[in-house]
Amino acid sequence: VGYSAMNIARAIRPHGGKVISLEVDPMHVTIVRNMVEYAGLSDNVDVYTGYCYDVIPHLLDIYGPRSIGMVFMDQKGTRFHTDLALLEELGLLADGA
């Protein structure tokens, strides 16, 4: 839990990037936030609780249009296409993402 988010955050940190992690389970959110804090990456990782279809629309308000340069999805199930379509529909993906 949080392993991928922290590794990506370390890689993009020199470039000023930010990682947005979505977790369904509130317990996982607590674990990830604590791990991120312990690793000193709080300024590069934001963790949100909820399902993608609930949280993604709020990302537009928080980060603005075309603010997402990369998407890494490792959730269970087969929602990848649906979640990607929502990101595209809302105009969250930057050119070349």
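**Figure 1. Salt bridge between Lys 18 and Asp 46.** The side chains of Lys 18 and Asp 46 meet in a salt bridge, 3.5 Å from N to O; the term stands for a side-chain nitrogen of Lys or Arg within 4 Å of a carboxyl oxygen of Asp or Glu. Distant parts of the chain are linked by this pair, with Lys 18 in the loop between H1 and E1 and Asp 46 in strand E2, 28 residues apart. Helices (H or I, at least four residues) and strands (E, at least two) are DSSP runs numbered from the N terminus. Lys 18 counts as partly exposed because its relative accessibility is 39%; buried means under 20% relative accessible area, exposed over 50%, and partly exposed in between, with a 1.4 Å probe and protein chains only. The model is predicted, so local features need pLDDT of at least 70 and side-chain atom pairs count only at pLDDT 80 or more, while totals for chains, interfaces and linings use all residues. Residues are numbered from 1 along each chain as its sequence is written, and side-chain values use heavy atoms, with hydrogens and water left out.

**Figure 2. Salt bridge between Asp 43 and Arg 13.** A search of the whole structure finds 3 salt bridges. In one of them, the side chains of Asp 43 and Arg 13 meet at 2.9 Å, N to O. Asp 43 lies in the loop between H2 and strand E2 (45–49) and Arg 13 in the loop between H1 and E1, so the pair ties together parts that are 30 residues apart in sequence. Arg 13 is partly exposed, at 34% relative accessibility.

**Figure 3. Salt bridge between Asp 83 and Arg 79.** The N to O distance in this salt bridge between side chains is 3.2 Å. Asp 83 is buried, with a relative accessible area of 1%, whereas Arg 79 is partly exposed at 32%.

**Figure 4. Lining of the largest pocket.** The volume of the largest pocket is about 1200 Å³. Of the 37 residues that line it, Ile 20, Ser 21, Leu 22, Phe 72 and Asp 74 are the closest to its centre. On a 1 Å grid over the protein atoms alone, a pocket is an open set of points with protein on both sides within 12 Å along at least five of seven lines, whereas a cavity is a set where a 1.4 Å probe fits but cannot get out; lining residues have an atom within 4 Å of a point. Grid points are joined across faces, edges and corners, and the volume is the space filled by probe spheres set on the points. At least two lining residues come from each of helix H1 (3–12), strand E1 (19–23), helix H3 (52–63) and helix H4 (80–89). The lining has 21 nonpolar, 9 polar and 7 charged residues; Ala, Val, Leu, Ile, Met, Phe, Trp, Tyr, Cys and Pro count as nonpolar, Asp, Glu, Lys and Arg as charged, and the others, Gly among them, as polar.

Figure 5. Val 1, Met 27, Ile 31 and Met 35 form the patch, with about 340 Å² of accessible area together. Patches are made of residues with over 30% relative accessible area and no salt bridge, joining like charges within 9 Å and nonpolar side chains (Val, Leu, Ile, Met, Phe, Trp, Tyr) within 5 Å. Accessible areas come from the Shrake-Rupley method with a 1.4 Å probe, and for residues only the protein chains shown count as cover. Met 35 belongs to helix H2 (residues 26–38) and is partly exposed, at 31% relative accessibility.

**Figure 6. Arg 66 and Ile 68 in the loop between H3 and H4.** Arg 66 is placed in this loop and has a positive phi of about 55° although it is not a glycine. Ile 68 lies in the loop between H3 and H4 and is buried, with a relative accessible area of 11%.
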